[in-house]
Amino acid sequence: MERSGIRAGLAEAVPLMLGYFPIAFSFGVAATRSGMTGWEAMALSVIVFAGAAQFLAIALVASGTPVILAGLTLAAMNLRHLLYGPVVLQKAGAMDKGAGGSRRFAWAWSFALTDEVFGAALGALARGQRFSEGFMGALGFAAYGAWVAGTAAGAWAGGGALDGFPALAAGLDFMLPGLFLALLLSILSGAQVPVILVAGLATVAGTWAVSGTVGLFAGMISGAVLGVMSPSLMRRGQDAK
Amino acid sequence: MRSEVLFLCLIAGGLTYLWRYLPIRLDLGGMGTRGWVARFLASTGPAAIATLFVAEMLPVIREGGPGLVHGAAGVLGVLAVWAWARSVVAATLGGAVAAGLAAFVFGG
């Protein structure tokens, strides 16, 4: 792996690390506050490495959702990640014949291909950064390191760490909805507006009529089903053929 | 560590890793741009994230009081920073700072 790619990846990762650490700290605090041990919070960050899904895992574990159902729910939430690797490689032109060597270490760097790493990689490639596996690995694993370190700090501080700091607690409490809203804005397009509205309304209806868990499933399923049937998304899919 | 939490990590982490790696390994470059699979993948993410955002905000709205003020400030903070920086991380942190400032100024 070339050193310049690794250096460029580390430089590109700095803002991600600065952002990841406090969000992961918030996750560590929230996890221990919900009754998880520090090791359980760390296991989620080390093994799963998917911010929004990890926050949802706290709620699913706390509500006693069966493990397999909870695991599949978290995995379903991350289905969007299926597109990230191919999109990055397409952007880099690395899918061309003869460029197969550039995927030699994809088994490693793809592990850290989160929403934010994907976004940062695309942004760097758009600005002229040359694709290399060293770049992708350095970018992803620097962000991963910050995420794991932030989780460890939050878990070590513990659930009661913020009791004397209500403003800080309010800020950290908003990290999760803030992350969801920012993610939503980052993938928002006109064609997705009906999907988002239906998912939101179904969540409200399911939660108020039955329970929070039912609301979650109602929102995700109704939004995805509407997306499959949506004329605008359908046209987009046909246009792409 | 509870075995069920470890099992949950392995299921969610294992499948998430497969989502990230297999399309590269199997050279599925066009998978995300055709037919109902493309529409399903394109809608699952927004549906899930919208659901989670609403699920997070519902208790805040229901309870009202200072939490609602902090939440509203946080939402405005995210929207403002997103409009300015177009960065998920910056917008998230901006929302958290706005919620924290609202708590500092208005109490709660």
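Reader: Hi! How many salt bridges does a search of the whole structure find over all chains?

Author: Hello! This is a predicted model, and the search finds two salt bridges over all chains.

Reader: Which side chains meet in the one with A:Asp173?

Author: That one joins the side chains of A:Asp173 and A:Arg33, at 3.2 Å from N to O. The pair links distant parts of the chain: A:Asp173 is in helix α9 (residues 166-173) of chain A and A:Arg33 is in helix α1 of chain A, 140 residues apart.

Reader: Is A:Asp173 buried or partly exposed? And what about A:Arg33?

Author: A:Asp173 is partly exposed, with a relative accessible area of 45%. A:Arg33 also counts as partly exposed, at 45% relative accessibility.

Reader: And which side chain does B:Arg2 meet in a salt bridge?

Author: B:Arg2 meets the side chain of A:Glu40, at 2.9 Å from N to O. This pair crosses between chains: B:Arg2 is in the segment before α1 of chain B, and A:Glu40 is in helix α2 (residues 38-48) of chain A.

Reader: Why does A:Glu40 count as buried?

Author: Because its relative accessibility is 2%, and buried means under 20%. B:Arg2, on the other hand, is partly exposed, with a relative accessible area of 34%.

Reader: Which residues of chain B lose the most area to chain A?

Author: Those are B:Arg20, B:Ile24 and B:Arg39. Together they account for 12% of what that side buries.

Reader: What about polar contacts, how many residue pairs are there across the interface?

Author: The rule finds eight residue pairs in polar contact across the interface of chain B and chain A, with both residues at pLDDT 80 or more.

Reader: New topic: rings! How many aromatic pairs are there over all chains?

Author: By this rule, the count comes to twelve. One of them is A:Tyr20 with A:Trp147: the ring centres are 5.2 Å apart and the planes lie at 65°, so the pair is edge-to-face. It links distant parts of the chain, with A:Tyr20 in helix α1 of chain A and A:Trp147 in helix α8 (residues 133-157) of chain A, 127 residues apart.

Reader: Are those two buried or exposed?

Author: A:Tyr20 is buried, with a relative accessible area of 4%. A:Trp147 counts as buried too, at 2% relative accessibility.

Reader: What about the rings of A:Phe111 and A:Tyr144?

Author: Their centres are 5.2 Å apart and their planes are at 90°, so this pair is edge-to-face. A:Phe111 lies in the loop between α6 (106-109) and α7 (115-126) of chain A and A:Tyr144 lies in helix α8 of chain A, so the pair ties together parts that are 33 residues apart in sequence. A:Phe111 and A:Tyr144 are both buried.

Reader: Which residues form the aromatic cluster?

Author: One aromatic cluster is formed by A:Tyr20, A:Phe49, A:Phe111, A:Phe141, A:Tyr144, A:Trp147, B:Tyr17 and B:Tyr21.

Reader: Back to helix α1 of chain A: where is A:Thr32?

Author: A:Thr32 has its place in helix α1 (residues 3-33) of chain A. It is buried, with a relative accessible area of 16%. A polar atom of its side chain lies 3.0 Å from the backbone oxygen of A:Val29.

Reader: Last one: how many helices and strands are there in chain A?

Author: Chain A has 13 helices and zero strands. Of its 241 residues, 54% are buried. Among contacts in chain A between residues at least 6 apart in sequence, 76% join residues at least 24 apart.

Notes:
Residues numbered from 1 in each chain as written. Chains lettered and ligands numbered in written order. Predicted model: local features only at pLDDT ≥ 70, side-chain atom pairs only at ≥ 80, totals over all residues. Heavy atoms only, no water. Buried area = accessible area lost by both parts, 1.4 Å probe. Polar contact = N/O pair within 3.5 Å; in protein donor to acceptor, adjacent residues only side chain to side chain. Helix = DSSP H or I, 4+ residues; strand = E, 2+ residues; numbered from the N terminus. Buried < 20%, exposed > 50% of the residue type's maximum accessible area, 1.4 Å probe, protein only. Phe/Tyr/Trp six-rings, centres within 6.5 Å; stacked < 30°, edge-to-face > 60°. Salt bridge = Lys/Arg side-chain N within 4 Å of Asp/Glu carboxyl O. Contact = heavy atoms within 4.5 Å.
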